[in-house]
Amino acid sequence: MKREQTTNRQLRGRQNRPISRRNFVRLLSATGVASFSPRLSVASATQSLLLSDSQQQGPPQVPQRVSKEMLQAAQRLIGIELTDAQITMALPRVNQNLANYETLRQISIPLDTEPAIEFHPTRPPTHRRHVPRQRTPVRLRPVSTPAFKKLDDLAFASIAELAQLIRTRRVSSVDLTTMYLERLKKYGPQLHCVVTLTEDLALDQARDADREIRRGRYRGPLHGIPWGAKDLFATKGIRTTWGAEPYRDQVIDYDATVVERLREAGAILVAKLSLGALAQGPRWFGGVTRTPWNIQENSSGSSAGSAAATAAGLVGFSLGTETLGSIISPSSRCGVVGLRPTYGRVSRYGAMILSPTMDKVGPICRYVEDCALVLEAIYGPDGRDHTVADIPFSWVPNTDISGLRIGYLKAEFEEGTEARRTMYAAALDALRKAGARLEPMELPSFPARALLIILNAEAAASFDDLTRSGGVDQLSGQGPGDWPNTFRVARFIPAVEYLRAQRARRLLMRQMDELMAQWDVFVSPAPGSASLTITNLTGHPAVCVPCGFINGMPQAIMFTGRLYDEATLLRVALAFERATEWHKRHPKMDWA
């Protein structure tokens, strides 16, 4: 205690006098290198220091113990020079980081706890090989052929319905593709959801699909179905902009694994869809992506274009990515089904890397079963992304959920306005009528948001060259919660604190393993559930499904499952979908 008091007096005394070369290194301790005694409450320290990839908010108020002078001294070691305005902007976040470090230090971490990161020695790239995936044939529920007078009537049809029409050759892939291309041209500009229309490629792929189907080579339910890719997936010869000004003309000379696999399944790529710049929020260099339910409202992010285009019937389905809510949040806001698979379920090869220990790839669709069909096509090892496990996904559309152990976060459903509580009460009743035996449950008591320095540090490392070159100054978002400030602030995160956070993360993973041993699935609101942060850190899968409307905007409920058990998770979601009518409602699009 005496040493701590002396240190604090020294720091306070130095805030008002010049710093010499001899002592400025010691002031770096103010950024978290030295160990301060924990004084902040866990509650205050667990508030968000980082704008998630789906939300933007200012940092919470914490004591400003790190001064501008301290940052000016410390920046000499971190490899960048900040302007006075940038230091002023960074200061609250640096102080919040300090509070988070202290929260992490309060967690008792046994010495034998390894960080939640692993090293895998690999062969040289020239020796990489494709790893075959175990496959179980997909079982589709019987569907009736949808009636239609014109092709535009099929814009909101399910994959299963479209597949039935294409397989029986009542509709050609070329005609279906042309219809979606026209809708992309008509509605895309007002939604700000299209970065690049891949018209020539799409029509070529559609002609090939029709030719194969005529010859009896039917590849499965995605054959001939038009889809859209979040514009952070590499597409050979086509722009991959990451939604960010510095990369708006970037062309990558290979395809991402998921692009390859969907091509192998016969799907038709019609568009590269918008994402918030470098996977944050709905704002990109082309504007702010809008939800088709109300184009005065943004679509949330960062898989903004994927959710908006799917909800508006501009594509048959789409792909997105999630680090901290980027599938769940825009899917909820746009009234579609978003599946975030288990971390390590789908290869990220060819996708923009934001946080290598948190990024996931998943489908955004209009119906639950559509997500199962897309996941079946894209999951499994590829010999490139070595985080991907070889664990089968066996989808059977069985909606008898009466024997499953299903929990629900009772306290979260009882929060908010009366309209919100009433809507969620009706949703839970519908789930019970579908056969669920709901039992109240609670999440582990853990300061999970303090662990978000992991995301900060990894994202800053991914774009370190861009930060040091000044390229981040080209991004349209330059506020306290936007990436430029986050990347600069993250340079003040000590490696020791990052690794401590990863070790604490391992403890959280163990607690979630213990919790999920008691449940097959649990239910929560979407996206405003504490489980969203926790499960993005632990890698558990989740799916959100429309469950109502408030003030004309769609709302969602979220189902979270055990690691690599997306099949059970989707069974419960499908049972809920069939017990309700919300998935049958689509935006009127009368604003066009």
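The model is predicted: local features require pLDDT of at least 70 and side-chain atom pairs count only at pLDDT 80 or more, whereas totals for chains, interfaces and linings use all residues. Residues are numbered from 1 along each chain as its sequence is written, and side-chain values use heavy atoms, with hydrogens and water left out.

**The whole protein**

Begin with a cartoon view of the protein, which holds 20 helices and 15 strands. Helices (H or I, at least four residues) and strands (E, at least two) are DSSP runs, numbered from the N terminus. Then display the surface: the protein exposes about 23600 Å², and carbon and sulfur atoms supply 49% of that area. Accessible areas come from the Shrake-Rupley method with a 1.4 Å probe; for residues, only the protein chains shown count as cover.

Of the 592 residues, 61% are buried (under 20% relative accessible area; exposed means over 50%, and partly exposed lies in between; 1.4 Å probe, protein chains only). Among contacts (heavy atoms within 4.5 Å) with a separation of 6 or more, 79% join residues 24 or more positions apart.

**Salt bridges**

A salt bridge here is a side-chain nitrogen of Lys or Arg within 4 Å of a carboxyl oxygen of Asp or Glu. By this rule the protein has 28 salt bridges.

Select R217 and E212. These two residues form a salt bridge, with the closest N and O atoms 2.9 Å apart. E212 counts as buried because its relative accessibility is 17%.

Next, select D231 and K272, whose salt bridge has its closest N and O atoms 2.8 Å apart. D231 lies in the loop between β2 (226–230) and α9 (257–264) and K272 in strand β3 (residues 268–273), so the pair ties together parts that are 41 residues apart in sequence. D231 is buried, at 0% relative accessibility, and K272 is likewise buried, at 0%.

Continue to E566 and R345, whose side chains meet in a salt bridge (2.9 Å, N to O). This pair links distant parts of the chain: E566 belongs to helix α20 (residues 566–579), R345 sits in the loop between β9 (337–340) and β10 (360–365), and the two are 221 residues apart.

Finally, select R405, D520, R562 and D565 together. Salt bridges that share partners join these four residues into one network.
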